[in-house]
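Look at the chain below.

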Amino acid sequence: MSELERFLNLITGNFNNKEQFVRMQKEGKVFPYAEHVNTICNDKIKGLPDDFKGKFLVEESYYETNGNKHASSHLFLFTEECDGVLLTSYDIPEGEDKNTFTYASMKKVDYSELKISAEFTPALYHEKDGVWEGGSVSQFTPVMQFKLWEKFSEECLEVSESMEVNGKRTFGYDDPIIYKRV
């Protein structure tokens, strides 16, 4: 099994942070209940080169905080590089609704029509003792910065995301979200 396949086996499927959410609620902390649905979607991409070894993945994220629900979906490409696994973000395909985009709703799209996200800095993950760790810092605008740091293992997906505007955090939490497979 390739490094990429081992990596993707850890992150594909359905996950939530119910255990962490319940604990945070008991501690009186405001923290989101979150779900991740990660699905490989190469079957929905036409015209992939014959020697294409990467895997596209639809990441569906659902968050609820204080009764407010928010969905966020992304299209990522994972490739095996000599020094790890690289995550490259792609724009949601033309004609899709970014607010309701899911693997199930994804229409077939031609590979040549896909566009790499101009804002997101690719994230590189390294493996050590069965744990993959990595992330990136993206400068979305001159004053808006997005920080991503993740750690993936058989036990959980640990995700730290934050958005800062003029150096002040506008999104994110002090603790990473700990997703466990459902």
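Buried means under 20% relative accessible area, exposed means over 50%, and partly exposed lies in between, using a 1.4 Å probe and protein chains only. With that scale, Cys41 is buried, at a relative accessible area of 0%. Cys82 is exposed, at 85%.

A word on the model. It is predicted, so local features need pLDDT of at least 70, side-chain atom pairs count only at pLDDT 80 or more, and totals for chains, interfaces and linings use all residues. Residues are numbered from 1 along each chain as its sequence is written, and side-chain values use heavy atoms, with hydrogens and water left out.

Back to the cysteines. A disulfide is a covalent bond between the sulfur atoms of two cysteines. Here the term is applied to a pair of cysteine sulfur atoms within 2.5 Å. The search of the whole structure finds 0 disulfides.

Next come the salt bridges. A salt bridge is a side-chain nitrogen of Lys or Arg within 4 Å of a carboxyl oxygen of Asp or Glu. How many does a search of the whole structure find? The count is 7 salt bridges.

Start with helix α1, residues 3-11. Helices here are DSSP runs of H or I with at least four residues, strands are runs of E with at least two, and both are numbered from the N terminus. Glu3 and Arg6 both lie in α1, 3 residues apart, which is about one turn of the helix. They form a salt bridge, with their closest N and O atoms 3.0 Å apart. Glu3 is partly exposed at 31% relative accessibility. Arg6 is also partly exposed, with a relative accessible area of 29%.

Glu27 and Lys29 make another salt bridge, and here the closest N and O atoms are 3.3 Å apart. Glu27 is partly exposed, at 42%. Lys29 is partly exposed as well, at 40%.

Now take a bridge between two strands. Glu164 forms a salt bridge with Lys147, with the closest N and O atoms 3.4 Å apart. Glu164 lies in strand β11 (residues 157-165) and Lys147 in strand β10 (residues 144-152), so the pair ties together parts that are 17 residues apart in sequence. Lys147 is partly exposed, at 33%.

Some charges gather without such partners. Patches are made of residues with over 30% relative accessible area and no salt bridge; like charges are joined within 9 Å, and nonpolar side chains (Val, Leu, Ile, Met, Phe, Trp, Tyr) within 5 Å. Glu5, Glu80, Glu81 and Asp83 form a negative surface patch. Among them, Asp83 sits in the loop between β5 (68-81) and β6 (84-90). Asp83 is partly exposed, at 41% relative accessibility.

Asn66 has a phi near 50°, a positive value in a residue other than glycine. Asn66 is placed in the loop between β4 (55-65) and β5, and it is exposed at 64% relative accessibility. Asp129 also has a positive phi, near 55°, and it too is a residue other than glycine. Its loop runs between β8 (123-128) and β9 (131-139). Asp129 is exposed, with a relative accessible area of 73%.

Finish with distances across the fold. Tyr90 is found in strand β6 and is buried, at 10%. The C-alpha atoms of Tyr90 and Ile116 are separated by 4.2 Å, though the residues are 26 apart along the chain. Glu94 lies in the loop between β6 and β7 (109-110). Glu94 is exposed, at 73%. Its C-alpha atom is 8.7 Å from that of Val109, 15 residues away along the chain. Thr65 belongs to strand β4 and is buried, at 17% relative accessibility. Thr65 and Lys180 are 115 residues apart in sequence and 19 Å apart in space, C-alpha to C-alpha.

Methods
Accessible areas come from the Shrake-Rupley method with a 1.4 Å probe; for residues, only the protein chains shown count as cover. Lys and Arg count as positive and Asp and Glu as negative; His and the chain ends are not counted. The place of a charge is taken as NZ of Lys, CZ of Arg, CG of Asp or CD of Glu.
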